[in-house]
Amino acid sequence: MRKLGIVLALLIGQQLMAQTGTIKGIVLDKQSEIPLIGATVELLEQAESLGVITDEDGRFTLENTPTGRQKIRVSYIGYESVTLPNIEVTTGKDVFLTVSLLESFNQLDEVVLTSNTNKDRANNKLATVSARQFGVEEVTRFSGGRSDVGRLAANFAGVSTPDDSRNDIVVRGNSPTGLLWRVEGIPVPNPNHFSTVGTTGGPVSAVNPNTLKNSDFLTSAFASEYGNALGGVFDLGLRKGNVDDYEFSGQVGIFTGVEVNAEGPLGKKNGSFLIAARYSLIDLLGTGAGGTAATPNYSDLTYNIDFGSGKLGRVSLFGMLGTSNIEFLGDDIDEDDLFAAEDENTFVDSNFGVVGIKHQIPIGKKSYLRTVVGTSFTGNEFTADRFINKDTPQERIILFTESDNSESRLSFSTLFNAKLSNRATLRTGVLLENFNVELTTRDRDEQPDNNGDGDPDLFTFLDVDESFSIIQPYVQSQFRLTEKLTLDAGLHAQYASLNEQFVLEPRAALNFQIAPNHKINFGYGLHHQNVPFPLLFLNEEVNGNLVQTNRDLDFVRSNHYVLGYDVKLGNDWRGKIEVYNQDIDNAAVESFPSSYSSLTEGADFGFSNDRVSLVNEGTGFNRGIEFTLEKFFSQNYYGLLTGSFYESRYEGSDGIERDTPFNNGYVINALAGKEFPMGANKSKILFVDSRLSFAGGRFFTPVDLEASRAAGFEILQEDLAFSEQQDGYFRWDVKFGLKINSRSKKQSHRFYVDLQNVTANENVFARRYNRLTNNVDQVDQIGFFPDFGYTFQF
């Protein structure tokens with residue numbers, strides 16, 4: 001009997017011990033990013049204290065950490081200690097953290113300040129206004145987000161994406177073309193499936209959130225290292241694989257597809273590998289989704305191979321590769337299809353990729369040099385065959401549109417960062433990009449029949465194979481003028497070989513801690529961006545010859561001003577208000593009186609193909625106020641309320657001020673979620689998440705119905721450009737699921753059901769002329785749509 005009791009006790013103890021996970025990480029000096037040896041890492045709010053010391057590489061491991069949401073404190077003599085709440089520990093995967101500590105202002109011999117590391121501050125220490133960080137846990141937690149970083153951003157203040165079919169990001173009224181995507185420190189083209197050259201969004205993201213580390217999203221007055229963007233910056237970083245153990249996971253979801261991940265140690269120098277592959281579940285099931293009956297096929301691969309630290313520094317290889325295709329066959333298309341027409345067979349192929357090598361080497365004890373060399377590309381092939389006299393004895397098919405557009409670039413980025421003292425940091429570097437743009441587009445749309453064959457002529461709008469370079473040097477410093485006052489000041493420059501234009505851009509930000517829980521900040525930045533390539537290289541027929549009359553257009557210019565106030569309303573609550581103004585000039589407009597401006601482009605898959613002989617005389621502005629009330633995840637729940645109230649207007653060459661198509665006027669998001677631990681050992685967690693979104697309707701240009709009927713294609717009333725507004729947007733999403741931590745193995749499971757647009761609200765997608773019905777028809781966005789997913793980690 002005694003032996004049986006001992007065996008039972010051992011079995012119970014084994015099961016109890018199995019209800020633990022592991023927290024690992026590295027502790028760095030925030031200014032120099034050099035590892036801190038001997039820092040103390042403590043697990044808080046546990047019956048038995050658990051603490052470790054970082055090793056000679058600044059690394060630590062907290063084993064046997066109870067599953068669930070945990071909190072740790074990291075401290076080091078002479079540095080401000082940091083508390084990290086809301087660390088989700090599971091049995092299926094180790095948690096890895098990168099913790100940055102700031103040296104105390106007066107170099108005291110003991111820690112005197114404690115700060116909670118929250119997502120309201122960017123990872124980039126020099127990005128101190130209109131910036132925040134986000135992590136994979138947020139991307140996968142929020143309802144309606146489809147595990148898409150672009151849709152995640154829609155929940156942040158200042159961002160509008162009231163479009164269920166695409167993840168284009170409208171930042172403070174700017175066109176989505178004003179967004180800059182970066183991966184591992186280098187700019188990349190549009191990282192979305194079914195993307196087109198010059199755009200920044202798409203229906204399905206090619207960015208796998210399970211491969212990301214905490215990354216940054218910026219909305220104005222960017223730090224000096226960011227350039228060639230007007231609207232916002234997505235600065236993505238790939239995480240490293242587990243340096244101690246091999247880990248695997250499998251996942252399936254309606255939008256994310258079927259996914260497999262693997263990671264583990266590599267070599268003997270703390271190296272690792274991480275690789276993740278996805279394939280569309282919709283294609284495997286053979287069903288349409290997302291507003292069309294056609295079946296989309298897409299897949300992507302992401303990897304990060306880190307060879308560890310050596311005498312020559314640290315080297316890693318990284319890459320993101322994606323491909324997608326879809327066929328819209330007219331006989332299978334409904335009249336309310338978002339992307340296709342009943343009288344066309346359309347074929348779409350697209351691809352995206354970035355491949356690079358990253359090297360970082362310390363220089364002395366307080367500085368480092370980081371260099372990234374990479375190549376990136378994006379391409380799109382589009383073919384449309386149109387039925388003439390469909391469903392009649394005279395039915396025939398003609399090639400109506402064909403397009404083969406691609407952009408590739410070779411990027412070289414080098415950055416030197418130095419901690420001059422505990423009060424000053426210097427960062428300087430240069431980005432060199434060599435672009436090769438190959439654009440070919442032929443289309444019959446709105447063309448005359450000059451050859452008399454009874455069909456509109458097939459006109460060549462784009463036919464270019466062009467190479468050019470953009471060089472962007474920069475310098476920036478951060479000065480802690482006092483313990484409460486910090487100044488960031490820098491200068492960014494930009495030169496384009498295509499039009500031989502050179503610009504200088506001053507940037508500055510001031511942060512003042514007026515009280516322990518209150519801070520105000522001010523930011524200013526001058527920014528420039530080139531006109532999108534599909535506009536820049538458009539053909540115009542001049543005296544019988546095709547001439548690119550837009551290629552010498554200058555950069556569009558924008559001055560950003562922002563004033564903000566932050567308040568901590570407790571350990572887990574914060575509030576934020578920002579007021580901003582953005583003045584834009586040098587926008588591309590027509591040389592004769594017209595309502596057109598390049599600031600209105602970017603609201604769809606393509607660009608205007610008839611805007612030629614443009615000049616840099618357009619203006620515009622974006623101004624508004626936005627607020628955030630956020631409860632960070634603690635005590636098993638979180639909340640987020642954001643609101644943006646803004647105005648976005650422009651002037652074309654006719655001098656009339658108009659609304660841009662992105663002037664929704666207001667956007668309000670309310671999110672909340674709660675977890676319910678269950679079971680004797682809390683090994684099961686039921687979670688519920690909900691999201692409410694409200695936005696003003698987009699402005700649009702009314703159709704001239706009689707002229708459209710006479711011409712057989714849509715003709716807009718351009719003198720009334722963007723004079724009408726769609727109805728307001730509303731959507732309610734509800735997500736619920738279950739997390740299960742294994743009692744006996746290093747395994748965990750996660751199930752979820754995401755009910756999107758549960759009220760089936762009929763939000764407007766577009767009002768457009770239908771050449772088959774000869775009427776202006778309204779097409780609604782996706783109605784009620786259930787998503788689901790399952791993840792297995794081991």
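Modeller: Let us begin with a single residue. This is a predicted model, and in it Pro532 is buried, with a relative accessible area of 15%. The cut-off for buried is under 20%, so Pro532 qualifies.

Biologist: Where is Pro532 found?

Modeller: Pro532 sits in the loop that runs between strand S30 (518-529) and helix H5 (533-536).

Biologist: With which residues is Pro532 in contact, leaving aside its neighbours within four places in sequence?

Modeller: Contact here means heavy atoms within 4.5 Å. With those neighbours left aside, Pro532 is in contact with Thr177 and Phe607. A separation can also be read between C-alpha atoms: those of Pro532 and Ser591 are 18 Å apart, while the two residues are 59 residues apart along the chain.

Biologist: Is Ser598 buried or exposed?

Modeller: Ser598 has 9% relative accessibility and therefore counts as buried. Ser598 belongs to the loop between strand S34 (573-590) and strand S35 (614-634). Not counting residues up to four places away in sequence, Ser598 touches Leu535, Ala587 and Ala588.

Biologist: What can be said of Glu590 in strand S34?

Modeller: Glu590 is part of strand S34 and is buried, its relative accessible area being 6%. Beyond residues up to four places away in sequence, Glu590 touches Tyr596, Asp610, Arg611, Leu614, Val615 and Ser653. The C-alpha atoms of Glu590 and Gly618 are separated by 8.8 Å, although these residues are 28 residues apart along the chain.

Biologist: I would now like to turn to aromatic rings. How many aromatic pairs are there?

Modeller: Two rings pair if their centres lie within 6.5 Å. The count comes to 23 aromatic pairs. One of them joins Phe255 and Phe785: the ring centres are 5.4 Å apart and the planes stand at 50°, so this pair is tilted.

Biologist: Which parts does the pair of Phe255 and Phe785 tie together?

Modeller: Phe255 lies in the loop between strand S18 (247-253) and strand S19 (257-266), and Phe785 lies in strand S46 (residues 785-793), so the pair ties together parts that are 530 residues apart in sequence. Phe255 is buried at 8% relative accessibility, and Phe785 is buried with a relative accessible area of 16%.

Biologist: What arrangement do Phe633 and Tyr638 form?

Modeller: Planes under 30 degrees apart count as stacked. Phe633 and Tyr638 form a stacked pair, with 20° between the planes and 5.9 Å from centre to centre. Phe633 counts as buried at 5% relative accessibility, and Tyr638 counts as buried at 5% relative accessibility. Rings can also gather into a cluster, and Phe134, Phe156, Trp181, Phe217 and Phe234 form one.

Biologist: Let us step back to the whole protein. What does its radius of gyration tell us?

Modeller: The radius of gyration is compared with the value for a compact globule. For 794 residues that value would be near 28 Å, and the protein has 27 Å, which agrees. Along the principal axes, the C-alpha atoms fill a box of roughly 100 × 65 × 45 Å.

Biologist: How many helices and strands make up the secondary structure?

Modeller: There are 6 helices and 46 strands. Of the 794 residues, 56% count as buried. Among contacts between residues at least 6 apart in sequence, 65% join residues at least 24 apart.

How values were computed: Residues numbered from 1 in each chain as written. Predicted model: local features only at pLDDT ≥ 70, side-chain atom pairs only at ≥ 80, totals over all residues. Heavy atoms only, no water. Helix = DSSP H or I, 4+ residues; strand = E, 2+ residues; numbered from the N terminus. Rg over C-alpha atoms; globule rule 2.2 N^0.38 Å. Buried < 20%, exposed > 50% of the residue type's maximum accessible area, 1.4 Å probe, protein only. Phe/Tyr/Trp six-rings, centres within 6.5 Å; stacked < 30°, edge-to-face > 60°.
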